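Subject: Structure handover

Hello,

Here is the structure you were waiting for. Please open it alongside this note; my findings follow.

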Amino acid sequence: MIDTWDTYFERLAYECELSGNHGQAKDVRLFFGGKTTEEKEIGLKALLRKAYRVANPQIGGINNSTIRPVVNHGRWLIDCPYCNSASYARDDKLFFCADCQNGTIGGQYIKTPFPRNRRAIERILEVRPSENQNWTNETIATLENE
Ligand SMILES: [Zn+2]
């Protein structure tokens with residue numbers, strides 16, 4: 001499985017529960033467990049208040065720019081265009097950087113559409129060891145020949 005924000009944090013919360021870390025599981029669900037964009041926004045604001053000490057987080061609106069997700073070590077990631085951070089690509093295809101809070105564009109989201117051939121890319125990568133599950137913009141033919 002090539003993880004997204006949604007699959008990674010869901011599994012992390014589950015693993016916290018299994019190991020008896022119920023408080024940590026609750027925090028993971030609160031900060032990262034939202035299903036809809038609105039629920040994710042509530043979680044991000046809670047994370048920014050608690051972990052980043054941002055008194056009044058500003059999140060909202062969608063910028064016209066787009067960023068393409070990449071696969072790095074089995075994770076769909078978004079490299080932040082404004083700072084050196086990266087985060088998991090979200091299934092709602094929106095990016096908000098907790099580190100710089102997309103401050104350059106006033107806290108707006110950036111659209112992050114997955115490639116049309118996402119499933120084909122994933123099927124090829126999923127048989128590899130995770131450290132070799134990487135994709136930036138290669139064609140399917142190139143991936144198959146690696
Ligand atoms: Zn950033």
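**What was found**

L94 stands opposite K111 in β6. That pair belongs to β5 and β6, which run antiparallel to each other over two bridges. Strands count as paired if DSSP finds at least two bridges between them.

Some ground rules. This is a predicted model, in which local features need pLDDT of at least 70 and side-chain atom pairs count only at pLDDT 80 or more, while totals for chains, interfaces and linings use all residues. Residue numbers start from 1 along each chain, as its sequence is written.

**Overall build**

The protein has five helices and six strands. Both are DSSP runs numbered from the N terminus: helices are H or I with at least four residues, strands are E with at least two. The order along the sequence is α-α-α-β-β-β-β-β-β-α-α. The radius of gyration is 16 Å, close to the 15 Å from the globule rule for 146 residues, so the protein is as compact as a globular protein of that length. That radius is taken over C-alpha atoms, and the rule is 2.2 Å times the number of residues to the power 0.38. Along the principal axes, the C-alpha atoms fill a box of roughly 50 × 40 × 25 Å.

Of the 146 residues, 21% count as buried. Buried means 20 or more other C-beta atoms within 10 Å of the residue's own; exposed means 12 or fewer; partly exposed is in between, with C-beta atoms placed from the backbone. Among contacts between residues at least 6 apart in sequence, 46% join residues at least 24 apart. A contact needs C-beta atoms, placed from the backbone, within 7 Å.

**The core**

Nonpolar side chains tend to be buried together in soluble globular proteins. Here the largest nonpolar core has 19 residues. Such a core is a set of buried Ala, Val, Leu, Ile, Met, Phe, Trp, Tyr and Cys residues joined through C-beta atoms within 7 Å. F9, V28, F32, V71 and F95 have the most contacts inside this core. At least two of its residues come from each of α1 (5–18), α2 (22–32), β3 (75–79) and β6 (109–111).

β1 pairs with β6 in the parallel sense over two bridges. Here T66 stands opposite K111 in β6. None of the five residues of β1 is buried, so the strand lies largely in the open.

The other open sheet runs β2-β3-β4, with antiparallel pairing. β2 (70–72) and β4 (86–88) are at the edges with a single partner strand each, so one side of each has no neighbour in the sheet. From one strand to the next, the twist averages 50°. β2 and β3 pair over three bridges. V71 has W76 in β3 as its bridge partner.

**Around V71 and N72**

Which residues does V71 contact, leaving aside neighbours within four places in sequence? They are I2, W76, I121, L125, Q133, N134 and W135. N72 lies in strand β2. N72 counts as partly exposed, with 17 C-beta neighbours inside 10 Å. Not counting residues up to four places away, N72 touches L77 and N134. N72 and Q133 are 61 residues apart in sequence, but their C-alpha atoms are 6.3 Å apart.

**Helix packing**

α2 and α3 (residues 37–51) pack at an angle of about 120°, with axes 6 Å apart. Axes are lines fitted to C-alpha atoms, for helices over the stretch in contact; angles run from 0 to 180 degrees between N-to-C directions. L30, F31 and F32 of α2 meet G43, A46 and L47 of α3. Five of the contact residues are nonpolar, one is polar and none is charged.

Most residues other than glycine have a negative phi. R53 has a positive phi, near 55°. R53 sits in the loop between α3 and β1, and counts as exposed with 7 C-beta neighbours inside 10 Å. K93 also has a positive phi, about 60°. K93 is in the loop between β4 and β5, and is partly exposed with 17 such neighbours inside 10 Å.

Best wishes

Methods:
Two residues are in contact if their C-beta atoms, placed from the backbone, lie within 7 Å. Ala, Val, Leu, Ile, Met, Phe, Trp, Tyr, Cys and Pro count as nonpolar, Asp, Glu, Lys and Arg as charged, and the others, Gly among them, as polar.
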